Amino acid sequence: MTCAVRESGGGWWCAGVRWPGEVPELGWSRGGRRRVSVLAYGAGLGFRAVGERHCVGARGNVCPLGAVVPGRSTGGRCAECARLDRAHSVAADTMADDPRTYRVYLAWFGPGLVKVGITGEERGAARLREQGAVAFSWLGRGPLMAARRTEEVLRAALGVPDRIPYARKRVERGHLPDTDERAAEVAELYARAAALEGRGWPESLERLPLEVVDQVGIFGLGRATESEPVTLPASVPVRAVRELVDGGVVAGRLVAAAGPDLHLAVAGGGVVVLDTRLITGWDLAAESGSDVRVPLIDIGGGGVQGGLF
């Protein structure tokens, strides 16, 4: 798979990873047009950043300012476009009359690292894959405001957050327990949540039965246990791309993907994580081979490896 080149006449911009099904895709946009490239574990992927990074706009609209945005921004938007995008999201609580059905979920990212959230029922588990949830279970379904109220009750009563930084998720992916332990922790949280039914739980939210879904196989994480054979290199990534720069190259072999993160095996036998939210808004030229020449940061340790590698 190669990355497309955005030309001055209006080429394609990469829109990052999306998970409409159980296989990751890279999205591309050009004006109002959209296309995707299906990703395959074991295949090569590489690009070179060209020029400056520009705002990706909001809600499918081009940024009217054509603003330049920082390389480390995971949003990829200028302040005005970020405000507009947020104003029309479910999280902004500006859609109280939304007629769609929503689901409340419990997501697990690592030992002791769990969260509660909501997603539109028609999206299925796409939201859980987008967040990189290693395991999850549905908890309930109902109108938007009932789902939102349940989310708030669970956060307060169980002491679980509604957001977990991606940096923490990356650390935990390198130390996953086996399938049974993952399922047990989700089941324990589900039991605590279900015990709150009738105590602040909205009557209009229907509780769903416990059914733990494990996504290690979907993500291709390859964290071996005796019951989970490894089909790809299981090297634990220790570095992540901090930002792209003009002329910076990222190229390697895709061995795993979780949420917006791509795990690339690179020259020397290591695995580097690329958060694809960092590549939106860049002109990208295709590259082959195995090479990383952008600033990197250590995963977990917080130490920055300066310069180009």
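Me: Which side chain does Arg 100 touch at 3.3 Å?
Reply: In this predicted model, the side chain of Arg 100 makes a polar contact of 3.3 Å with the side chain of Glu 122.

Me: How many residues apart in sequence are Arg 100 and Glu 122?
Reply: They are 22 residues apart in sequence. In space, their C-alpha atoms are 8.4 Å apart.

Me: What does the side chain of Arg 100 do with Asp 98?
Reply: The two side chains make a polar contact, at 2.7 Å.

Me: Where does Arg 100 lie?
Reply: Arg 100 is in the loop between H1 and strand S5, which covers 101–110. Its relative accessibility is 36%. Arg 100 therefore counts as partly exposed, as the value falls between 20% and 50%.

Me: New topic. Is Leu 65 buried or exposed?
Reply: Leu 65 is exposed, because its relative accessibility is 66% and the cut-off for exposed is over 50%. Leu 65 sits in the loop between strand S4 (44–50) and helix H1 (79–87).

Me: And how far is Leu 65 from His 54 in space?
Reply: The distance is 9.5 Å, C-alpha to C-alpha. In sequence, Leu 65 and His 54 are 11 residues apart.

Me: What about Ser 37, buried or exposed?
Reply: Ser 37 has a relative accessible area of 17%. Buried means under 20%, so Ser 37 is buried. Ser 37 belongs to strand S3, residues 33–38. Its side chain also has a polar contact of 2.9 Å with the side chain of Trp 28.

Me: On to helix H5. What span should its 16 residues have?
Reply: They should span 22 Å, at 1.5 Å a residue. The end C-alpha atoms of H5 are 22 Å apart, so the two values agree.

Me: Which residues of H5 are buried?
Reply: Arg 182, Val 186, Leu 189, Tyr 190, Ala 193 and Ala 194. They are on the same side of H5, because they cover an arc of only 135 degrees around the axis.

Me: Why do residues three or four places apart point the same way in an α-helix?
Reply: An α-helix has 3.6 residues a turn, so residues at that spacing point the same way.

Me: What happens at the start of H5?
Reply: A side-chain oxygen of Asp 178 comes within 3.3 Å of the backbone nitrogen of Asp 180.

Me: Last one. What lines the second largest pocket?
Reply: It has 17 lining residues. Ala 167, Arg 170, Ala 240, Val 241 and Ile 297 lie nearest the centre. The lining divides into nine nonpolar, two polar and six charged residues. The pocket holds about 260 Å³ of space.

Note on methods:
Residues are numbered from 1 along each chain as its sequence is written. This is a predicted model: local features need pLDDT of at least 70, side-chain atom pairs count only at pLDDT 80 or more; totals for chains, interfaces and linings use all residues. Side-chain values use heavy atoms; hydrogens and water are left out. On a 1 Å grid over the protein atoms alone, a cavity is a set of points where a 1.4 Å probe fits but cannot get out, and a pocket is an open set with protein on both sides within 12 Å along at least five of seven lines; lining residues have an atom within 4 Å of a point. Grid points are joined across faces, edges and corners, and a volume is the space filled by probe spheres set on the points. Ala, Val, Leu, Ile, Met, Phe, Trp, Tyr, Cys and Pro count as nonpolar, Asp, Glu, Lys and Arg as charged, and the others, Gly among them, as polar. Helices (H or I, at least four residues) and strands (E, at least two) are DSSP runs, numbered from the N terminus. The expected span of a helix is 1.5 Å times one less than its number of residues. Buried means under 20% relative accessible area, exposed over 50%, partly exposed in between (1.4 Å probe, protein chains only). The arc is that of the directions from the helix axis to the C-beta atoms. A polar contact is a pair of N or O atoms within 3.5 Å; within protein, one must be able to donate a hydrogen and the other to accept it, and residues adjacent in sequence count only if both atoms are side-chain atoms.
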